[in-house]
Amino acid sequence: MNQIIKKITAYLMILTAILSVPTISNSQNRAQDREIRQEIRFARGSNSKIIKKQIRRGFSHTYTLRAKRGQRMQVVLTTRGETSFTVYSPSGVIDEADGVKNWRGDLDESGEYQITIGTDTTTNYTLEVAIK
């Protein structure tokens with residue numbers, strides 16, 4: 001009887017140790033996503049671009065473009081689910097454009113901007129980017 005109690009106690013300790021291991025959250029998974037990068041170039045005489053693609057879970061799509069201080073950027077992402085984008089200025093994240101599907105704002109600095117799309121599922125999307 002004493003042996004059975006010792007075995008049960010040992011099994012419960014192992015089970016408790018397994019269940020107490022922290023799980024990886026979605027944001028931590030995103031940090032490990034594979035990134036696909038592409039430069040946005042507007043056609044001559046155009047100030048906008050429409051991109052239609054599919055993004056898979058475990059991937060992020062990053063688009064880069066150059067813009068000048070004082071210009072206005074508009075970004076619209078049409079998709080389903082939890083897919084969203086974040087816009088990065090040359091100095092960091094633009095708070096109002098973090099984890100959104102629609103953003104428009106005046107640019108405070110010149111340089112390279114990045115639009116990063118992240119998702120928790122495989123989905124098709126349309127990304128519209130305009131600079132004025």
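**Basis**

The model is predicted: local features need pLDDT of at least 70, side-chain atom pairs count only at pLDDT 80 or more, and totals for chains, interfaces and linings use all residues. Residues are numbered from 1 along each chain as its sequence is written, and side-chain values use heavy atoms, with hydrogens and water left out.

**Overall make-up**

The chain holds two helices and nine strands. Helices (H or I, at least four residues) and strands (E, at least two) are DSSP runs, numbered from the N terminus. The order from the N terminus is α-α-β-β-β-β-β-β-β-β-β.

The chain has 132 residues, and 32% of them count as buried. Buried means under 20% relative accessible area, exposed means over 50%, and partly exposed lies in between (1.4 Å probe, protein chains only). The accessible surface comes to about 9,100 Å². Carbon and sulfur atoms account for 49% of that surface. These areas come from the Shrake-Rupley method with a 1.4 Å probe; for residues, only the protein chains shown count as cover.

Take the contacts between residues at least 6 apart in sequence: 76% of them join residues at least 24 apart. A contact means heavy atoms within 4.5 Å.

**The sheet and strand pairs**

Five strands make an open sheet with mixed pairing, in the order S1-S3-S8-S5-S6. S1 (34–39) and S6 are the edge strands; each has a single partner, so one side of each is left without a neighbour in the sheet. From one strand to the next, the twist averages 20°. Axes for such angles are lines fitted to C-alpha atoms, for helices over the stretch in contact, and angles run from 0 to 180 degrees between N-to-C directions. Two strands pair if DSSP finds at least two bridges between them.

S3 and S8 run antiparallel and are joined by eight bridges. Arg66 stands opposite Glu112 in S8. S4 and S7 also run antiparallel, with five bridges. Val76 stands opposite Asn102 in S7.

In a regular strand the side chains alternate between the two faces of the sheet.

**The nonpolar core**

A nonpolar core is a set of buried Ala, Val, Leu, Ile, Met, Phe, Trp, Tyr and Cys residues joined through side-chain atoms within 4.5 Å. The largest one has 23 residues. Met73, Val75, Val87, Trp103, Ile115 and Leu127 touch the most other members. S2 (48–55), S3, S4, S5, S6 (92–100), S8 (111–118) and S9 (123–131) each supply at least two residues of this core.

Leu127 has contacts beyond four places in sequence with residues including Lys49, Tyr63, Val75, Leu77 and Ile115.

**Salt bridges**

Side chains of opposite charge can pair when their charged atoms come close. A salt bridge here is a side-chain nitrogen of Lys or Arg within 4 Å of a carboxyl oxygen of Asp or Glu. By this rule there are three.

| Pair | N to O distance |
|---|---|
| Glu35 and Arg37 | 3.4 Å |
| Glu39 and Arg41 | 3.4 Å |
| Arg72 and Asp106 | 2.9 Å |

Arg72 lies in S4 and Asp106 in S7 (residues 102–106), so this pair ties together parts that are 34 residues apart in sequence. Arg72 is partly exposed at 35% relative accessibility, and Asp106 is partly exposed at 49%.

Glu35 is partly exposed at 43%, as is Arg37 at 45%. Glu39 is partly exposed at 44%, whereas Arg41 is exposed at 59%.

**Two contrasting residues**

Is Thr62 buried or exposed? Thr62 has 1% relative accessibility, so it counts as buried. This residue sits in S3 (residues 59–67). Beyond four places in sequence, Thr62 touches Glu35, Ile36, Arg37, Gln38, Gln114, Ile115 and Thr116.

Arg80 is exposed, with a relative accessible area of 68%. Arg80 lies in the loop between S4 (72–79) and S5 (84–89). With residues up to four places away left out, Arg80 touches Lys101 and Thr123. Arg80 and Asn124 are 44 residues apart in sequence, yet 7.9 Å apart in space, C-alpha to C-alpha.
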